[in-house]
Amino acid sequence: MLLRRRRSHYQQLTEFERGRVVGLLEGGFSFRDIAERLGRNVSTVHDCWQQWSREGTVSRRLGSGQPRGTTERKDHRVRRMAVAHCTASAAEIRAAVGTTVTQLTVTNRLLKGHLRARRPVACIPLTPNHCRLRRE
């Protein structure tokens, strides 16, 4: 059994293109003609028209979920701090940067910047006796 998942590319339309969709549809063009003119999917044009018919507007709706705790500038600062002080923990970076976010957020921003925790190569720690013997 083939399952089809409908995926709308409605987010890719600019404000101007959304206005064109409504204007062309009111001008008598078909969904297919408009989609070809704009280089978009027919479902995208259809979704835009449905929103216009239902709400009377084609403006983008705000996304759901909690807003981001940091800006791109703070994210960049966190990554720079991690590179400059490679032995610092997420808690130390958070304190140094001065953000009011959790350690998990700092860790996630580092992961997004491809900065992962590094482990030293496993080796036997040298005792003072080992050091003395090695020098001899």
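Mentor: A disulfide is a pair of cysteine sulfur atoms within 2.5 Å. This is a predicted model, in which local features need pLDDT of at least 70, side-chain atom pairs count only at pLDDT 80 or more, and totals for chains, interfaces and linings use all residues. Residues are numbered from 1 along each chain as its sequence is written, and side-chain values use heavy atoms, with hydrogens and water left out.

Trainee: To what number of disulfides does the count come by this rule?

Mentor: Cys48 has a relative accessible area of 0% and is buried (under 20%; exposed is over 50%, partly exposed in between, with a 1.4 Å probe and protein chains only). Cys131 is partly exposed, at 29%. By the rule, the count of disulfides is 0.

Trainee: At what angle do H1 and H3 pack?

Mentor: Helices are DSSP runs of H or I with at least four residues, numbered from the N terminus. Axes are lines fitted to C-alpha atoms over the stretch in contact, and angles run from 0 to 180 degrees between N-to-C directions. The axes of H1 (residues 15-26) and H3 (residues 42-55) lie 10 Å apart, and the angle is about 80 degrees.

Trainee: Which residues in H3 does H1 meet?

Mentor: Contact means heavy atoms within 4.5 Å. From H1, Arg18, Val21, Val22, Leu25 and Glu26 take part, and in H3 they meet Val45, Cys48, Trp49 and Trp52.

Trainee: Within what arc do the buried residues of H6 fall?

Mentor: In H6 (residues 103-112), Thr105, Val106, Arg109 and Leu110 are buried. The arc is taken from the directions from the helix axis to the C-beta atoms. Those buried residues line one face of H6, because seen down its axis they fall within an arc of 140 degrees.

Conventions. Helix = DSSP H or I, 4+ residues; strand = E, 2+ residues; numbered from the N terminus.
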